[in-house]
Amino acid sequence: MSNSNVSLYLDPQIRDWVLFPITLVMILVGVFRHYVVLLLQSPPKKVPRAAIREQRALVRSQILRATSAESPIPPTYYKSISQHLSQAFSNGTYLKDGPPKGDSEKSTPPNPLTDPAAMDGMMSGMKTQMVMMVPQMVIMGWINFFFQGFVLIKLPFPLTLGFKSMLQRGVATPDMDVRWVSSLSWYFLNFFGLNGLYRLILGGDNSADSSRDMSTPFAAAAMAGPQPGQPQDYNKLFKAERDNLEFAEGLYSWVAKDVEDRVLRKYGR
Amino acid sequence: MDLSSSLQRLSAHRPQPPRKAQETLDSGLPLLDSGKYARMGDEGWEAVEKLALAALDVGKIDVADRCLRALADKFPGSPRVECLTGMRMEATESPETCLKYYDDLLESDPANAAAWRRKAAVYRRMGKLDRAVEELSAMLDTFYADVEGWLELADIYSSCHQYTHALQSLSHALLLAPQNPFYFLQFAETAYLAADIPLATKMFLTAIDMTDDDDADVPLRDTIPTGITLRAWYGVKLCTHKFITDPRAASASASDTPGPSAATLSQLDDLSRERLRTAYLNLKNESPPVADTEFMSVVATIMQ
């Protein structure tokens, strides 16, 4: 490299009045955002009892099936529980709105946009998004307006030419060493790299890191609500679980089936 | 039938150690007085909660009130604190007032399982077992995974000799915690009380199979059964005794469990007698009497 010995001197004022302020502002905005999100979070909605019962009904049969190959309970008890569950699933006893009534119940699942519960979840996601987007846009505008084309810092290690577009955004010079970082690139480095620092000052599950929901803007909105976007059709799930129950009943064996022989053998009789 | 009455006493005896409320109170009071709990984070607050429970246990209402005030200031509107407040009310107020309080709690948040269970407990204390069973079953229908709730239900059923129903509740507890030998033991004892001797034998043996230390260096037949294993061996001996004295017991099984064959039975009888003898020798340094009934009543003394 012929131009590697050509050195570039940066005014220390740039360090004091551009590099540090950008970093500081970004950290403070992250902390601020964390607390605003905490304020915006609405307490989890109270779920009616029937809905909890519906959600947890599947767990009952899963618990029964989990141990069916080495079941702790005797055959008669297993069979009665299994058949009771299967019967309840087919009759829809556990459904939130009571057993389905004939063919009229075959309607399509409700639209999530008209369901107020689902709407709440989406709104809270949107609010978080706004708290993230607005300050970041303001900071980016601020940097672009005042510090466009600034070179802020020189990295202490060499890099290949491929990093040029990453580190020198906004500075169109073909010959400058890759180690120099432009103001806009410094912003992006902070944007993606400050998460570790936030975790240090705010704890593990902070909401200060903006790059996380930046990458998937609507994933956060979908995950924020307790209900995923698509409401579950429990009737269908219950019907499917009946098959599983039958299958598990085929696998069933009692753990105490030949326990006498096992214990006697253990004690050398 | 002193054997079955002693077994009944044993089955009423809870396997867990008694709550050491006084100790908790003694060690917790300095913490409450110094006010250091606020700086200890979650651990400190949990200690205050335990202290409140211990104080209620011992009857120190003033201490419980202080704990409650601290907790209510820190966590306003927390269902856990509300439940604790209800327990504090149970200590002094009439059961009707408490029921009203719990009803209000459930009205505002139908998913408050703890309040629901307290409600059942209040009914039980009032002697309204039917309402208690009703409430508990309704709660367990929604919150299936509550093992303690199933045990409580089984306990209520056993207390009014509904052993078949108790066995059904216990089978749910077994499904939820198949790794816990205490539940197997309790199931076996309840099955014995329900006169389902073949089922009881199997469950006692399962409890033994789970608890004897077969990882030890010495051969199993040289180990000394203690604690829950000893109790289970005693149960096996009771069952084989019953089989031998009453041949009809083998076929009288409500759960259609086959009884052991004659050869297995005599081997089991020998083995359980030998195990109990080992434990007795180790504890009392003298050999127990040989006659069967005397042997049983003597061995029963080391169970306590």
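Reader: Hi! Which residue of chain A forms a salt bridge with B:Asp141?

Author: Hello! That partner is A:Arg53, and the closest N and O atoms of the pair are 2.6 Å apart. Keep in mind that this is a predicted model.

Reader: What area is buried between chain A and chain B?

Author: About 3,500 Å², and carbon and sulfur atoms give 67% of that. In chain A, the residues that lose the most area to chain B are A:Arg49, A:Tyr77 and A:Tyr267, which together make up 22% of what that side buries. As for residue counts, the contact takes 34 residues from chain A and 44 residues from chain B.

Reader: Switching topic: what secondary structure does each chain have?

Author: Chain A comes to 11 helices and 2 strands, while chain B has 15 helices and 0 strands. Along its sequence, chain A reads α-α-α-α-β-α-β-α-α-α-α-α-α.

Reader: What about contacts between residues 24 or more positions apart?

Author: Looking at contacts with a separation of 6 or more, such residues account for 72% in chain A and for 56% in chain B.

Reader: Let's pick a helix in chain B. How many residues of H11(B) are buried?

Author: 12 of its 13 residues, so this helix is mostly covered. Among the buried ones are B:Tyr183, B:Phe184, B:Gln186 and B:Glu189. The helix covers residues 181-193 and reaches 18 Å from its first C-alpha to its last, close to the 18 Å expected at 1.5 Å a residue.

Reader: What sits at the ends of H11(B)?

Author: B:Asn180 caps the N-terminal end, with a side-chain oxygen 3.0 Å from the backbone nitrogen of B:Phe182. Following the helix is B:Ala195, whose phi is positive, near 65°.

Reader: Now H14(B). Why does its span agree with what a helix should have?

Author: H14 of chain B has 23 residues (262-284), so at 1.5 Å a residue it should span 33 Å, and its end C-alpha atoms are 32 Å apart, which agrees. Just after this helix, B:Asn285 takes a positive phi of about 60°.

Reader: And what covers the buried residues of H14(B)?

Author: The cover includes helices from both chains: H11 (259-266) of chain A, plus H12 (197-211), H13 (227-245) and H15 (292-303) of chain B. The buried residues of H14(B) include B:Leu265, B:Leu268, B:Asp269 and B:Arg275.

Reader: Speaking of arginines, is B:Arg88 buried or exposed?

Author: B:Arg88 counts as buried because its relative accessibility is 17%, and the cut-off for buried is under 20%. It is found in helix H5 (residues 79-92) of chain B.

Reader: What does the side chain of B:Arg88 make a polar contact with?

Author: The side chain of B:Asp65, at 2.5 Å. Leaving aside neighbours within four places in sequence, B:Arg88 is in contact with B:Leu56, B:Ile61 and B:Leu68 as well as B:Asp65.

Reader: One from chain A, please: what does A:Asn190 touch?

Author: Not counting residues up to four places away in sequence, A:Asn190 touches A:Ile22, A:Thr23 and A:Met26. It lies in helix H6 (residues 183-193) of chain A and, at 8% relative accessibility, counts as buried.

Reader: Last one! Where is B:Ala252?

Author: In the loop between H13 and H14 of chain B. B:Ala252 is partly exposed, with a relative accessible area of 43%.

Terms used. Residues numbered from 1 in each chain as written. Chains lettered and ligands numbered in written order. Predicted model: local features only at pLDDT ≥ 70, side-chain atom pairs only at ≥ 80, totals over all residues. Heavy atoms only, no water. Helix = DSSP H or I, 4+ residues; strand = E, 2+ residues; numbered from the N terminus. Expected span 1.5 Å × (residues − 1). Buried < 20%, exposed > 50% of the residue type's maximum accessible area, 1.4 Å probe, protein only. Contact = heavy atoms within 4.5 Å. Buried area = accessible area lost by both parts, 1.4 Å probe. Salt bridge = Lys/Arg side-chain N within 4 Å of Asp/Glu carboxyl O. Polar contact = N/O pair within 3.5 Å; in protein donor to acceptor, adjacent residues only side chain to side chain.
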